[in-house]
Amino acid sequence: MTSIKDVAIVAGVAVGTVSRVINNSGAVKPKTRKKVEEAIQELNYFPNEVARNFKMQKSKMVALLLPSIWNPFFSELAYYIEDELDREGYKLMLCNSGGKPEKELYYLDMLRQNQVAGIVGITYNDIENNVSNDIPIVSIDRHFNKKITCVTSDNYEGGRLALRELVKAGAKRPAFMGSVTSVFSETMNRRLGFIHEAEALGIDYVIYEKPDPIVDDKAYINEFLSEHGDVDGIFAITDMLAANYIDKARKQGIRIPEDVKVVGYDGIQDNSYFHPILSTIRQPVEEMARMTIRLLYNKIKGIPLDKQVYRIPVIFKQGETT
């Protein structure tokens, strides 16, 4: 592997001179700089970022802890997070936990040892005792007891909005389909908003939930269909769950939206690539991602934040399922 010493030998300069060129620090004559840059190109040399950061006692690496990279919402979120980091010269380290608490704990320990600049965390597991402010951290959708900043969409209003849209579309007995996390997260407010609005309007409703994560979507939905075949409206806690419901319901001869109106949450299936286009509560994913990183920058710099929870409004996107 090419080292900085190899570059110095080819360029005919001292190692310190090569270091000043790489870090753009200190005075280097233009002719000497050109020789170093040519040597770097000739040897195809890439500086060891981890070693440089350790030596300089600072890092330009931010970790993103995700439950799953397969979920389109998380993928879209990661895209905008990386883009916002890139604008300031930071790099993204993606940590895919698969929703497993033991894997999340492993990543947290590893990230502390490697002195990352900050962490963006999405977790629905009970890892409260292992999360600290030793490293700047911003959480998405999850509250911790240690004054860790949280960015989220207005899940409660999203639930209310979904119920109103189902009723507007003609639903008389809507149901909420979701999952219960081991710790309270903002996503649970979707159910609370749905219930609040249904009771305020005097609407009969159904709540159908199983422990998170739902391992077998097919069994989950088949059980729902067998127990609640009389509902005429569905508000699913995610777009993916809504899409799975539509697929299974249609195979049983249920017409969407003629027999059952369906609203999802996230906004990942609001484009023409999906059929039918799902009516959904759209999270402002780009705004959430960029706000999260801007808040993390402030924490890295030691700038106090004016509040602990940043809640961003959602909108209803009309599709073909209501």
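The protein chain exposes about 16,200 Å², and carbon and sulfur atoms supply 51% of that area (Shrake-Rupley method, 1.4 Å probe; for residues, only the protein chains shown count as cover). Keep in mind that this is a predicted model: local features need pLDDT of at least 70, side-chain atom pairs count only at pLDDT 80 or more, and totals for chains, interfaces and linings use all residues. Residues are numbered from 1 along each chain as its sequence is written, and side-chain values use heavy atoms, with hydrogens and water left out.

**The overall fold**

- You'll find 11 helices and 12 strands in the protein chain (DSSP runs numbered from the N terminus: H or I of at least four residues for helices, E of at least two for strands).
- The chain has 322 residues, and 48% of them count as buried (under 20% relative accessible area; exposed is over 50%, partly exposed in between, with a 1.4 Å probe and protein chains only).
- Take the contacts with a separation of 6 or more: 66% of them come from residues 24 or more positions apart (contact means heavy atoms within 4.5 Å).

**The largest pocket**

- Its volume is about 830 Å³ (the space filled by probe spheres set on grid points, which are joined across faces, edges and corners).
- A pocket here is an open set of points on a 1 Å grid over the protein atoms alone, with protein on both sides within 12 Å along at least five of seven lines; lining residues have an atom within 4 Å of a point.
- The lining takes in 30 residues, and Asn 71, Phe 74, Asp 212, Pro 213 and Thr 238 lie nearest the centre.
- Sorted by class, that's 10 nonpolar, 14 polar and 6 charged residues (Ala, Val, Leu, Ile, Met, Phe, Trp, Tyr, Cys and Pro are nonpolar; Asp, Glu, Lys and Arg are charged; the others, Gly among them, are polar).
- Helices α5 (72-87) and α10 (239-251) each supply at least two lining residues, and α10 has the largest share, with 3.
- The pocket lies between domain 2 (61-153 + 285-313) and domain 3 (155-283), because both give residues to its lining (bounds from an automatic or database domain assignment).

**Two residues to look up**

- Glu 320 sits in the segment after β12 (315-317) and is partly exposed, at 42% relative accessible area.
- Leaving out residues up to four places away in sequence, Glu 320 touches Pro 257, Pro 276, Ile 277 and Ser 279.
- His 228 is in the loop between α9 (217-227) and β8 (233-236), and it counts as buried because its relative accessibility is 18%.
- With the sequence neighbours up to four places away not counted, His 228 touches Val 206 and Tyr 208.

Notes:
1 Å grid on protein atoms, 1.4 Å probe; cavity = no way out; pocket = protein on both sides within 12 Å on 5 of 7 lines; lining within 4 Å.
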